[in-house]
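Subject: Structure for your review

Dear colleague,

Please find below the structure that I am handing over to you.

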Amino acid sequence: MAKKKETKLDFGSKWDYSAAPESAGHAEIKKEYGLYINGKFVKAEGGKKFASTSPSSEKHIAYFAEASNKDVDKAVKAARKAYNEVWGPMAPKERAKYIFRIARLMQERAREFAVLESIDGGKPIRESRDVDVPIAANHFFYYAGWADKLEYAFPGKTAKPVGVSGQIIPWNFPLLMAAWKIAPALACGNTVVLKPAETTPLTAMKLAELIHDSGLPAGVVNIVTGAGATGAAIVNHPDVDKVAFTGSTGVGKIIQKAIAGTNKTATLELGGKAANIIFDDAPTDQAVEGIINGIFFNQGHVCCAGSRLFVQENVKDIVIKKLKDRLSTLIVGDPMDKNTDVGAINSKEQLATINKYLKIGVEEGAEIYQPNCTLPKKGNWCKPTLFLEASQSHRIVQEEIFGPVLTVQTFRTIDEVIDKANNTPFGLSAGVWTDKGSKIFNLTTKLRAGIVWANTFNKFDPTSPFGGYKESGYGREGGLQGLSAYVKLN
Ligand code: NDP
């Protein structure tokens with residue numbers, strides 16, 4: 001048989017995309033944001049504040065108040081009062097109307113939220129516009145629907161709210177994580193004190209403005225900005241009933257220790273190191289597209305990112321060739337350009353962490369591959385990276401890098417790949433690419449991961465539970481299961 005002529009995708013040398021920048025003129029950014037406590041925007045104790053900077057342009061964005069222990073105490077007191085006097089006693093169907101209104105307002109201001117999310121966090125506007133903001137609004141819609149139906153969620157039981165919920169979120173999906181936390185808490189009748197990450201407070205404060213405009217009674221949602229110390233003040237406050245945390249496994253362990261021996265309940269959504277497994281019977285092009293999306297979406301700053309690829313040995317060459325080709329077409333650059341596939345790394349610290357792992361990977365003997373793309377001069381950038389010939393003992397395979405870096409390993413049999421996929425301290429998500437339903441069911445029962453996607457990846461929906469095993473944490477967010485963390489059942 002005549003050898004098929006090799007084709008290569010090389011768009012760059014033939015034609016280029018024209019810039020397609022999203023306008024930012026419609027999005028209002030204040031010079032300074034206060035804390036949102038008891039329905040008012042207030043300064044932090046002693047006027048302490050910190051600055052937020054764009055990770056792509058390195059331009060100053062705004063100042064944000066830095067909440068002290070006293071400020072957190074005020075926020076918790078406001079939440080307790082609102083819980084006792086307003087939100088707790090309110091008829092569930094009335095609560096639902098407020099949550100529904102928040103969802104509608106978010107839809108109306110979707111463009112503004114998307115633009116601000118990309119400016120503050122560095123993610124491509126296509127993602128904030130098509131993923132973060134619509135799914136955030138959908139969470140409020142979805143949980144608004146549950147607010148007056150809790151007896152159907154927990155048949156035969158009476159569901160009572162837990163009380164005041166302290167919620168701490170990371171910087172990778174700032175608005176979406178806030179929605180994941182606030183919507184189910186409110187639907188179950190709880191009140192909230194939420195802290196966004198230090199590097200991405202902008203959309204959380206915009207959300208505070210939106211919540212204010214929705215007429216939600218004062219104190220039901222309080223949003224306090226600050227660094228890790230502000231988060232710790234929430235966790236350690238004696239009048240917080242439940243801690244909901246999304247972030248690193250390291251901080252998750254600190255929180256676990258801090259609440260041990262108290263009556264506080266917790267859900268911990270921590271790190272991950274997902275296996276993405278491609279069998280020889282998978283539709284290769286579709287799988288390659290899914291693998292690319294699985295790791296390079298949001299610059300790989302995704303807890304459930306498919307960061308470990310397992311390729312069945314007999315299709316290794318073709319899969320790697322297609323991956324390299326696809327990598328060379330990814331557009332890395334300005335998050336506000338609608339053509340951009342990979343935006344800016346969220347912070348200088350995170351870029352340093354990723355670069356540290358790139359060095360470690362090379363030293364460990366894996367073969368590094370990066371496409372020949374030019375990176376903008378200003379800002380935090382990392383080329384999408386493959387590590388070929390990676391092995392199970394490599395640190396780049398075992399540890400969470402949280403950046404656009406994919407390790408590639410091979411396997412021969414199903415048992416081998418199950419062993420390898422499960423050989424990690426994490427257990428958040430996994431992906432399987434195959435033509436055979438039986439293989440999918442075999443793997444979904446044996447992979448120790450909270451979510452297993454089949455022939456797709458990174459699909460999020462408010463109706464589906466999300467959460468992990470092992471060092472990826474415990475508890476579920478989303479779906480019916482996401483309600484159970486916010487109720488006491490009798
Ligand atoms: P961190 O754990 O460092 O921070 C998460 C949040 O906790 C931030 O708001 C942070 O504040 C705050 N914080 C820091 N120290 C403390 C403390 N001692 N007590 C209470 N709060 C504290 O994680 P990153 O922000 O770096 O996020 C990346 C990590 O989050 C990755 O490991 C990723 O896998 C995980 N993640 C997990 C998800 C999941 O659903 N399982 C989803 C998204 C991310 P500040 O930022 O101001 O320091």
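The paragraphs below describe the ligand site.

This is a predicted model, in which local features need pLDDT of at least 70, side-chain atom pairs count only at pLDDT 80 or more, and totals for chains, interfaces and linings use all residues. Residues are numbered from 1 along each chain as its sequence is written, and side-chain values use heavy atoms, with hydrogens and water left out.

There are 27 residues around the ligand, counted when one of their heavy atoms lies within 4 Å of it. Ile 169, Ser 248, Leu 270, Cys 303 and Glu 400 come nearest. By class, the shell holds 15 nonpolar, eight polar and four charged residues, where Ala, Val, Leu, Ile, Met, Phe, Trp, Tyr, Cys and Pro count as nonpolar, Asp, Glu, Lys and Arg as charged, and the others, Gly among them, as polar. Domain 1 (32–270 + 470–489) and domain 2 (275–454) each supply at least three residues to this shell; the domain bounds come from an automatic or database assignment.

Oxygen atoms of the ligand lie 2.6 Å from a polar side-chain atom of Ser 248, 3.0 Å from a polar backbone atom of Glu 198 and 3.2 Å from a backbone N or O atom of Gly 247. Such polar contacts are pairs of N or O atoms within 3.5 Å.

With kind regards

Notes:
Polar contact = N/O pair within 3.5 Å; in protein donor to acceptor, adjacent residues only side chain to side chain.
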